[in-house]
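Dear colleague,

Please find below the structure that I am handing over to you. My findings follow after it.

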2 protein chains.
Amino acid sequence: MISRLMEAIRAKDAPVVVGLDPNLSFIPEKLLQESRAQAAAEGRTLTGQACAAEAILRFNQGVIDAVCDLVPAVKPQSAMYEQFGLPGLVTYEKTVRYAQQKGLIVIADVKRGDIGSTSAAYAAAHLGETVIEGRAERGFDADFATVNPYLGTDGIKPFIDVCNACDKGIFVLVKTSNPSSGEFQDVKTADGRALYTLVAEKVREWGRLSMDGRYSNVGAVVGATYPEQGKELRALMPEIFILAPGYGAQGASAADLLHFFDENGEGCIVNSSRGILAAWQKPAYAANGEADWAGAARAAAETMIEDLRGALRDRRQ
Amino acid sequence: MISRLMEAIRAKDAPVVVGLDPNLSFIPEKLLQESRAQAAAEGRTLTGQACAAEAILRFNQGVIDAVCDLVPAVKPQSAMYEQFGLPGLVTYEKTVRYAQQKGLIVIADVKRGDIGSTSAAYAAAHLGETVIEGRAERGFDADFATVNPYLGTDGIKPFIDVCNACDKGIFVLVKTSNPSSGEFQDVKTADGRALYTLVAEKVREWGRLSMDGRYSNVGAVVGATYPEQGKELRALMPEIFILAPGYGAQGASAADLLHFFDENGEGCIVNSSRGILAAWQKPAYAANGEADWAGAARAAAETMIEDLRGALRDRRQ
């Protein structure tokens, strides 16, 4: 699967993934009205959760339509759907399917991880299939999932088995983008190294179990907000593809990200969520007002892609 | 919320939580047949996922009916529901509601954790409420949730805010029960201590933000399979209630658990999943065959409760 992601990045010349984390405050009021109107026309009564969930599906579809020729992938964040209960999860599933129909690779940002048998169920749920009375059925069936390493190898191995059986991939949290990520991840171990470097070594070991060309189907999450650690981790994990959140709204720039890429300008994909989804609320993209929220998302994605292309071009020269 | 759990444990004299991790292999064939028959009677066609999910709901309701006068709480494991897609999550939600109607406290074993704004959405989804157009709506609304600490304070704080706002609780993974839990959790830090002791200190710090009587609404997961670490962690975290998985099928005994309890025989609740759910498949409880799966679950729960009561009684003498 990682080779498919790399081909898609090359084809679009855009190492960019759009994070589909649709906070309700990003959703234009009009989409809530449309959801209510359609439900009324169909004789359905809509709970608040269902109204929000249907409006978010409209929003996601609009964003996907606006960016699907520009970027290789989207990354829905499951928390943002779970908070609307079952209707939210219906929207999550429909979002995954819609993005895949539009040719996009889907990274399920679920950050799951548990003891062995339970991780196997999570891997089946999000990437693989569950056997029911002798027949295998697909679950949410994303292309990649994010995974938490705190429980060690036996929590990760079931995901790798599914990567191999179903041609999927994972990104393991190594150094996250948030301000307090250092509390445990940066802890100095007895031999003077930071904990995240031990996690990185394990990720490399796990990566060898699912190689797919130059890179492994086992990737790593490294926050764009930590450029020094990104440089260190790029060197420590030469076959590990990096998913880098934190660009834009969380404060990282293209310059911060240069060393996350390999010598060919590959090996990394950068996520932006709010910066693209909520672009219509920012003065720079607000020329056409709320009605043009999808155009604003497209313009913001183009700006981000140009920013990264420019920085990678400058580095080559 | 922790004081409510402690009262319920006292009232039933049973520091036991039944893990509702219904692997399909534990579900008597009859329940799948009943689900299909009911769907046919109602003119519904059932996918494999929906058939499994409806059979699991029947199973959970039977287990809950069988144990609700014996134990204070149940712990559904979300992976086991997510693997059956949306129908699985319908069963998850109905299981939470059914258990609460039967007077049980529900610990949602979701092991979520993310950066701040995303953790806030997870906390709203599983414990709290989401505001939609000015109206607050409850999500899955369990009483406790398990949480992963790898992202540090800003991933935990939003859960604590919901604990305080909605009278809920969390259990933070400190030392998990699985064989490879030591890979990162036991890493020796520069001052010679294991990483899990640093996590324990943070949990104690977080715990002070939501005290509820002698214990905090912020608890810890400590695997029953690591008795020495349990003893150490009990001493390190005097106000932190421990959720201990790993009894029975994972190999821990009542003797292993004694030091997880405080001097009053409180401060810990022990989980068993497979040992109770799949009791009907074990020779010791199979006298009445598959038809008596609920009776076998009740008998296994009684045995476990007696085992723990006996060990705690012996310690007092």
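How many strands form the closed barrel of chain A, and in which order do they run? The barrel has eight strands, in the order S1-S2-S3-S6-S7-S10-S11-S12, and their pairing is parallel. Here strands (E, at least two residues) and helices (H or I, at least four residues) are DSSP runs, numbered from the N terminus, and two strands pair if DSSP finds at least two bridges between them. On average, neighbouring strands of this sheet are turned by 30 degrees against each other, direction ignored.

Please note that this is a predicted model, in which local features need pLDDT of at least 70, side-chain atom pairs count only at pLDDT 80 or more, and totals for chains, interfaces and linings use all residues. Residues are numbered from 1 along each chain as its sequence is written, while chains are lettered from A and ligands numbered from 1 in the order in which they are written.

Val221(A) stands opposite Leu243(A) in S11(A). Helix H10 (residues 227-236) of chain A lies across S7 (169-175), S10 and S11, at about 165 degrees to S10(A). Such angles run from 0 to 180 degrees between N-to-C directions, with axes fitted to C-alpha atoms, for helices over the stretch in contact.

The loop between S11 and helix H11 (254-257) of chain A holds Gly248(A). Is Gly248(A) buried or exposed? Gly248(A) is buried, because 22 other C-beta atoms lie within 10 Å; the cut-offs are 20 or more for buried and 12 or fewer for exposed, with partly exposed in between, and C-beta atoms are placed from the backbone. Leaving aside residues up to four places away in sequence, Gly248(A) touches Ser272(A), Arg274(A), Gly275(A) and Met304(A), where contact requires C-beta atoms, placed from the backbone, within 7 Å.

The contact takes 58 residues from chain A and 58 residues from chain B. On the side of chain A that touches chain B, helix H6 (residues 116-126) gives the most, with six residues. Because 100% of the interface residues of chain A are also interface residues in chain B, the copies meet through the same surface.

Yours sincerely

How values were computed: Contact = placed C-beta atoms within 7 Å.
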